[in-house]
Amino acid sequence: MPAAGPDQPDDSMRGSVHICVTAIVAGVVIGFVGGAFRWCLQTADELRIDLVDWAHGLPGPGWLVPMAAAAAGATLAAVIVRWEPLAAGSGIQHVEAVFLGEARPPLIRLVPAKFIGGVLSMGSGLVLGREGPTVHMGAAIGAEAARRARLPDSEVRMMQTALGGAGLAVAFNAPIGGALFTLEEVTKSFRVKTVLATLFSCVAAVACSRLVLGNHADFQVEPIGAPALAWLPLFLVFGLLTGGLGAAYNGLVLWFLDHVGAIRRIPTLAKAAIIGAIIGFAMFVYPLAVGGGEDLMQRILGGQHIVLTVVIGILAVRFVAGPLSYSAAVPGGLFAPLLAVGALWGLLFVGCFNAVWPEDASQLAVPMALVGMAALFGATVRAPLTGMVVVTEMTATTATLVPMMAATAAAVLVAYLVGSPPIYESLRERMPDEASIERRGDG
């Protein structure tokens, strides 16, 4: 059997083992890097909350303190993007473009840019998600590992894709969800070597990240019973409405990207500072309305009562603040804020239903929040299996799987019928060509 050429995949047993070993080594690296990234973000969240509490106790205009801090963090993150333009935004669309052959695999210098820039942007309070930078860092590590292992170009692209899934697995402590993300959202195929590389890298990555963060689910949810099947039509209605909400969210993300980007008179750094200042003011008014939303989701999933008017206010702020933050073109993703919006939307839906239903339906609050997280993700990203599995792994809760499947399917159907394209497909179409990215980086 002739040896594989420099650009041809090696389909022999030895070649498969080589790929799997490379995936494990790269998975270990992204596991520790992603774990450290999440630890830094958690620490930054705690410091930000302390800063806001301190600002509330200041005489005079204490709201200027969080505004200045958020503006400074966003500006510094934008400075890093000026050095490495590929670090802007989520990065998931770039991972998909590389797999499709529309872009070159990222270089390893992307890792510090995404890490430091992400800590600055998300740590300052911008409503962005940790998954985008972690996926992109995983892709860069995977591509670098494949190059050092002397794998052909086609396998370099495959490895960056597999390690992108490992990055998502670390971001949400969801190994199966990370693997599904690669196969359902990016490759849309189940090639054996891709599956093996993805599984091995996800296992290694999550195992190492848990050494940093702890071996437990991301959210502590009290045991809940499966909702009665009589409620299934209600979950279906909720899913149909969620599909429309997801389409609206996607449209708002793209609207902010297009309109903020079209403002040429204001420099990019100034735009980031202005957006940071706006988010900083919202942070002063109500800290739970900004950031990735982990503390907010824990309160909701933990069954803590939140007044309906407060739910409406936070939902309205986060629904706009997420797309606005993304238009700042700093490192940060869309997925985690979507989960928070989905949980709030589920809480709001039950609150409104409970107000008109003759019996108490408050027992549906946590199940509907869980379903809202998965259904909104399915409507926006159009990867329903990934969304359902990620939410299930993050909460270690399976009681809502049947209504979750029904609502998510309904949400995806509505998003499809109204013509809302998957968000990462739309973002990929808006990516600048690589020549312009390189010119920006050199400049």
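This is a predicted model: local features need pLDDT of at least 70, side-chain atom pairs count only at pLDDT 80 or more; totals for chains, interfaces and linings use all residues.
Residues are numbered from 1 along each chain as its sequence is written, and side-chain values use heavy atoms, with hydrogens and water left out.

**View 1. The interface of domain 1 and domain 2.** The chain is divided into domain 1 (16-213) and domain 2 (229-430), with bounds that come from an automatic or database domain assignment. Their C-alpha centres are 21 Å apart. Contact (heavy atoms within 4.5 Å) joins 55 residues of domain 1 to 44 residues of domain 2. The buried area, meaning the accessible area (1.4 Å probe) that two parts lose on being put together, summed over both, is about 4,100 Å², and carbon and sulfur atoms give 69% of this area. On the domain 1 side, Val127, Leu128 and Phe172 lose the most area to domain 2, together 17% of what that side buries.

**View 2. Salt bridges of the model.** A salt bridge is a side-chain nitrogen of Lys or Arg within 4 Å of a carboxyl oxygen of Asp or Glu. The structure holds 13 salt bridges, and 3 are found across the interface of domain 1 and domain 2. In the pair Arg147 and Glu144, the closest N and O atoms are 3.2 Å apart. Because Arg147 and Glu144 are 3 residues apart in helix 5 (residues 131-148), about one helical turn separates them.

**View 3. Packing of helix 9 on helix 16.** Helices are DSSP runs (H or I, at least four residues), numbered from the N terminus. Axes are lines fitted to C-alpha atoms over the stretch in contact, and angles run from 0 to 180 degrees between N-to-C directions. Helix 9 (residues 232-261) and helix 16 (residues 401-417) pack at about 35 degrees, with axes 7 Å apart. Contact residues include Leu232, Phe235 and Gly239 in helix 9 and Val402, Pro403 and Ala406 in helix 16.

**View 4. Packing of helix 6 on helix 8.** The axes of helix 6 (residues 153-172) and helix 8 (residues 192-213) come within 8 Å and cross at roughly 35 degrees. Among the residues that meet are Glu155, Met158 and Ala162 in helix 6 and Lys193, Thr194 and Ala197 in helix 8.

How values were computed: Helices (H or I, at least four residues) and strands (E, at least two) are DSSP runs, numbered from the N terminus.
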